[in-house]
Amino acid sequence: MAKKVGGPEQLLVEELQDLFDAEKQLVRALPKMAKAANDEELTNALRQHLEVTKGQVQRLEQVFQSMDMRPRSRPCKGMQGIVEEGQQVISEEREEGIQDSAICGGARKVEHYEMVSYESARSLAQQMGMRQAAQLLDETLREEIQTDKQLAQISKRLVKGTSSGRRTESASRETSRSGGRQSSGRASGRSSSRESGGRSASGRSSGRTRLSGRPLTDHEEIRRWAEERNARPSCVKRTGGRGDTGMIRLNFPGYTGEESLQDISWDDWFGKFDEKNLALMVQDSTATGERSNFNKLVSRQTAQQRPRTRAAG
Ligand SMILES: [Fe+2]
């Protein structure tokens, strides 16, 4: 197909060549970002997106083929800038939770850049009646939107976690809510164990509700604590695979988000627990003396940093 200088087709080709380079840059950058992230959900999201990105490179090759063109890339300066910024973030020393927020923010910048680029390319392809190309570009656009949504949720949680350690007022408000939910013995979506670098049970347990967390790392102790509450070792579905256990959780009977979890053996659970250097923050009883299911997976470093005592309130 002949190139028409300055026409919409050339614009589309340039956009595609740009994207082809951008995606390949990301295939190199995403493993570094995943490695630098402390939060397991973020790490897994980045790893999953790496696989998706590899597929997107292939899909772009199909787009070129549908236009009877050989896939070629041209340096995408925009992506280069965002990736360089991301590498800068990784190299800086920060608190775990803040570091994760920064990595997540960088990843979202990537997604937004791609979303706009794919949207432009898809519109141009549609305009020129290139149905197959438009359809392929639309598929990738949807994947990028989905990834951004996922990252936005993680970011929201991370930012909350970061600020809960700093603002005692809001932290104690939050504990009042989550403590009440868990004390009912019906672990809700947020009260199955969650992993986070920047947030811990003790960080949240302050003030009014007088809940205190203690960190557990001993396998026997953890197992006993869980079994007393009929909680089963589990992982979040679709976060593992190929010999990887995925994101571990404790599954409590009646937990409303049960369908998102799958049972695993204690051996696998502890394997991941030790590999990720985690500690389980737990509460034994609520302020009113009922048995508490409150638990949270945090890094051992975080567990050590946070005092076991309640914050003044
Ligand atoms: Fe992409």
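Are E114 and E144 buried or exposed? E114 is buried, and E144 is buried as well; these two residues open a series of close-up views of a model that is predicted.

**View 1. The iron ion and its donor residues.** In this predicted model, the iron ion is coordinated by E23 through two OE contacts, by Q56 through OE1, and by E114 and E144 through OE, at 2.0 to 2.4 Å. Along the sequence, the donor residues follow the spacing E-x32-Q-x57-E-x29-E. Because E114 lies in helix α4 (residues 96-127) and E144 in helix α5 (residues 131-164), the pair ties together parts that are 30 residues apart in sequence.

**View 2. The largest cavity.** The structure holds two cavities of 30 Å³ or more, and the one shown here, the largest cavity, has a volume of about 70 Å³. The residues that line the largest cavity are A29, K32, M33, I82, V83, G86, Q87, I90, G106 and V110. Helices α1 (8-36), α3 (77-91) and α4 each supply at least two residues of this lining, and α3 gives the most, with five residues. By class, the lining of the largest cavity divides into six nonpolar residues, three polar residues and one charged residue.

**View 3. The second largest cavity.** The second largest cavity holds about 50 Å³ of space, and its lining is made up of L26, L30, M33, A45, L46, H49, A107, V110, E111, T147 and L151. At least two residues of this lining come from each of α1, α2 (40-66), α4 and α5. Eight residues of the lining of the second largest cavity are nonpolar, two are polar and one is charged.

**View 4. The second largest pocket.** About 280 Å³ of space lies in the second largest pocket, which is lined by N44, R47, Q48, L50, E51, R238, T239, G240, G241, R242 and D244. Each of domain 1 (8-163) and domain 2 (168-305) contributes at least three residues to the lining of this pocket. When the lining residues of the second largest pocket are sorted by class, five are polar, five are charged and one is nonpolar.

**View 5. Strand β7 and its partner β6.** Strand β7 (residues 295-299) is mostly covered, with five of its five residues buried. From β7, N295, L297 and S299 point one way, whereas K296 and V298 point the other way, and the residues on both sides are buried. Strand β6 (residues 278-282) runs antiparallel to β7, and five bridges join the two strands; in one of the pairings, L278 has S299 of β7 as its bridge partner.

**View 6. Two loop residues with positive phi.** Most residues other than glycine have a negative phi. D68, although it is not a glycine, has a positive phi of about 55°, and D68 lies in the loop between α2 and α3. With a relative accessibility of 61%, D68 counts as exposed. N230 is another residue other than glycine with a positive phi, here near 55°, and N230 is found in the loop between α8 (219-228) and β3 (232-236). The relative accessible area of N230 is 54%, and N230 is therefore exposed, since the term applies to values over 50%.

Key
Residues numbered from 1 in each chain as written. Predicted model: local features only at pLDDT ≥ 70, side-chain atom pairs only at ≥ 80, totals over all residues. Heavy atoms only, no water. Buried < 20%, exposed > 50% of the residue type's maximum accessible area, 1.4 Å probe, protein only. Helix = DSSP H or I, 4+ residues; strand = E, 2+ residues; numbered from the N terminus. Pairing = 2+ DSSP bridges. Donors = N, O, S within 2.8 Å, 3.2 Å for Na, K, Ca; no water. 1 Å grid on protein atoms, 1.4 Å probe; cavity = no way out; pocket = protein on both sides within 12 Å on 5 of 7 lines; lining within 4 Å. Points joined across faces, edges and corners; volume = space filled by probe spheres on them. Nonpolar A, V, L, I, M, F, W, Y, C, P; charged D, E, K, R; others polar. Domains from an automatic or database assignment.
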